Amino acid sequence: MTNAVVWKVPGSHEVWAVADSRVTLTGPRSSNAVIPRVTDQAMKVLRLEVVAHGETKVTQPVMPFIGYDVGMVFAGAVTPALMTHAAASMMLSNLFPQLEGPRIWLPSFANVTELLCHLSATYIRDAAVAYSMSNPPMCEFVVFAQPPLPSLDPGPISAYRIRPSFDALGIFQQVAEEIDLEGGEIAVIGDDAESLREEAIHLMKAEHPAYRGVEPRIALERRMQARTHPTVGGTLQFGIMSHGRVSLYGASRDSHGNPLQNWLGFDCQTDIRQILGMPVVIPSRL
């Protein structure tokens with residue numbers, strides 16, 4: 001599976017999301033089972049743009065008018081998760097509210113979350129034909145955003161966990177549960193999530209000055225370095241939402257404080273540079 005963590009840095013406007021980059025095969029597990037690794041180069045921290053197009057007297061022709069970013073992390077089956085992101089990205093960046101009336105407006109984040117539930121449930125059902133009945137391709141997400149108010153100022157921070165659920169009749173659906181990031185809730189998904197949350201809380205209580213605000217990231221880094229969970233590994237990746245905009249980052253710096261050129265296992269200094277004919281420098285924050 002994986003681990004991904006989302007939290008709001010206390011005393012700031014920033015929401016952080018971190019994840020590892022490992023993908024493993026799923027199947028029956030025992031305490032001594034070897035879990036086959038697929039890749040350590042998976043992208044799991046993602047961004048969506050919600051963009052409404054419109055036309056006014058001073059913006060001719062129809063053009064992007066207002067919008068906001070959505071941060072997303074996932075755990076579980078890769079195919080339905082990434083197909084959900086790809087489909088949502090196309091839909092949400094091509095909104096035309098003036099086809100319904102003269103006003104230019106944006107869907108609420110609750111509506112966006114409902115769309116992600118619908119899409120992911122569809123792709124999970126579709127992908128299930130390639131899996132055994134005892135091991136369906138389930139995936140879960142944490143999504144977060146800060147949609148603008150009608151005045152276009154940033155509104156309150158909002159977040160949801162999207163997870164698989166079965167009703168009393170055994171019918172599958174994806175459901176959304178609100179997460180109180182402003183109230184200090186730490187959202188953790190993936191393998192052994194509760195112990196990772198407890199480790200983050202333990203680090204917060206220790207009040208180490210070098211870890212302040214990023215304790216959940218330190219907790220995930222320690223789990224990856226300890227190699228206690230074979231489904232969690234690779235390299236750390238993260239995104240930061242500040243004042244409604246989401247930026248994606250690498251995590252590592254060299255001994256001189258410069259971003260490492262190896263990102264998610266891709267050598268940007270040699271292989272990727274030769275392909276593109278120019279350097280690739282992944283932004284990084286400690």
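A close look at strand β7

Author: Strand β7 and strand β8 (residues 158–166) run antiparallel and are joined by five bridges. Strands here are DSSP runs of E with at least two residues, helices are runs of H or I with at least four, and both are numbered from the N terminus; two strands pair if DSSP finds at least two bridges between them. The model is predicted, so local features need pLDDT of at least 70 and side-chain atom pairs pLDDT 80 or more, while totals for chains, interfaces and linings use all residues. Residues are numbered from 1 along each chain as its sequence is written, and side-chain values use heavy atoms, without hydrogens and water.

Within the pairing with β8, Phe141 has Ile162 as its bridge partner. β7 also pairs with strand β6 (residues 59–76), again antiparallel, through seven bridges. There, Val143 of β7 is the bridge partner of Met72.

Strand β7 covers residues 139–145, and seven of its seven residues are buried, so the strand is largely enclosed by the rest of the structure. Buried means under 20% relative accessible area, with a 1.4 Å probe and protein chains only. Cys139, Phe141, Val143 and Ala145 point one way from the strand. Glu140, Val142 and Phe144 point the other way, and they too are buried.

As for the setting, the chain has five helices and 14 strands. Buried residues account for 44% of its 286 residues. The C-alpha atoms fill a box of roughly 65 × 55 × 45 Å along the principal axes.

Notes. Buried means under 20% relative accessible area, exposed over 50%, partly exposed in between (1.4 Å probe, protein chains only).
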